[in-house]
Amino acid sequence: MTRTAVYPGSFDPVTRGHEDIIHRSLHLADKLLVAVAVSQDKEPLFSLDERVELLQTALGSERRVEVCSFDGLLADFARAQNARIIIRGLRAFFLVPALHLTYLSSSLVREVARLRGEVSTLVHPAVDKALKEKFGR
């Protein structure tokens, strides 16, 4: 039986922290669905298609990872995918030396990029480029 996990989020944008969680969670499941939420109540910087594409670029060709989008309740999506595991990331940032700033939230990374700060160590190069384009640099 295939163990399927779902890692849901808005991924606006995907960060190195997200990538790390994705790779670490692969030992829990045979298949990992990285599920990009439509997030109608939010005003994302990147469109749904852009977020899916940036994730696919950042993750490369890991055969056990599938990037998809979903709308509605996570429980319904997970049930429809026969997923029994939900992966969740960190929701708060604490200054822990071992983290090396890898786990900054997407919103904080977005804000730093908006203010023209350096985020290239926090995101994949394609995401860094996309952030610079969004903010006119």
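## Salt bridges

E133 counts as exposed, at 52% relative accessibility, where exposed means over 50% relative accessible area, buried under 20% and partly exposed in between (1.4 Å probe, protein chains only). The structure is a predicted model, in which local features need pLDDT of at least 70, side-chain atom pairs count only at pLDDT 80 or more, and totals for chains, interfaces and linings use all residues. Residues are numbered from 1 along each chain as its sequence is written, and side-chain values use heavy atoms, with hydrogens and water left out.

The side chain of E133 meets that of K129 in a salt bridge of 3.4 Å, N to O; the term denotes a side-chain nitrogen of Lys or Arg within 4 Å of a carboxyl oxygen of Asp or Glu. K129 is likewise exposed, with a relative accessible area of 53%. Helices (H or I, at least four residues) and strands (E, at least two) are DSSP runs, numbered from the N terminus.

A search of the whole structure finds eleven salt bridges. Another of them joins E111 and R114 at 2.6 Å, N to O; both residues lie in helix α4, three residues apart, about one turn of the helix. E111 is partly exposed at 33% relative accessibility, and R114 is partly exposed at 43%. The side chains of R64 and E62 also form a salt bridge, at 3.7 Å, N to O. R64 is partly exposed at 24%, as is E62 at 28%.

## The sheet

Four strands form an open sheet in the order β3-β2-β1-β4, with parallel pairing. Strands β3 (65-70) and β4 (85-86) stand at the edges with a single partner strand each, so one side of each has no neighbour in the sheet. Strands count as paired if DSSP finds at least two bridges between them; β1 and β2 (residues 31-37) are joined in the parallel sense by six bridges. Within this pairing, A35 of β2 is the bridge partner of P8.

Helix α2 (residues 48-59) has twelve residues and should span 16 Å, which agrees with the 17 Å between its end C-alpha atoms; the expected span is 1.5 Å times one less than the number of residues. Its buried residues include R51, V52, L54, L55, A58 and L59. These cover an arc of only 165° around the axis, which puts them on the same side of α2; the arc is that of the directions from the helix axis to the C-beta atoms. D49 and E53 are exposed on the other side. The buried residues of α2 pack against α1, β2, β3 and α5 (125-134). Just after α2, G60 takes a positive phi of about 70°.

In helix α4 (residues 106-114), the buried residues are S106, V109 and A113. They fall within an arc of 65° seen down the axis, so they line one face of the helix. The buried residues of α4 pack against α1 and α5.

## A buried loop residue

T15 is found in the loop between β1 (4-9) and α1 (16-25), and counts as buried at 2% relative accessibility. Leaving aside neighbours within four places in sequence, T15 is in contact (heavy atoms within 4.5 Å) with L104, S106, V109, L122 and V123.
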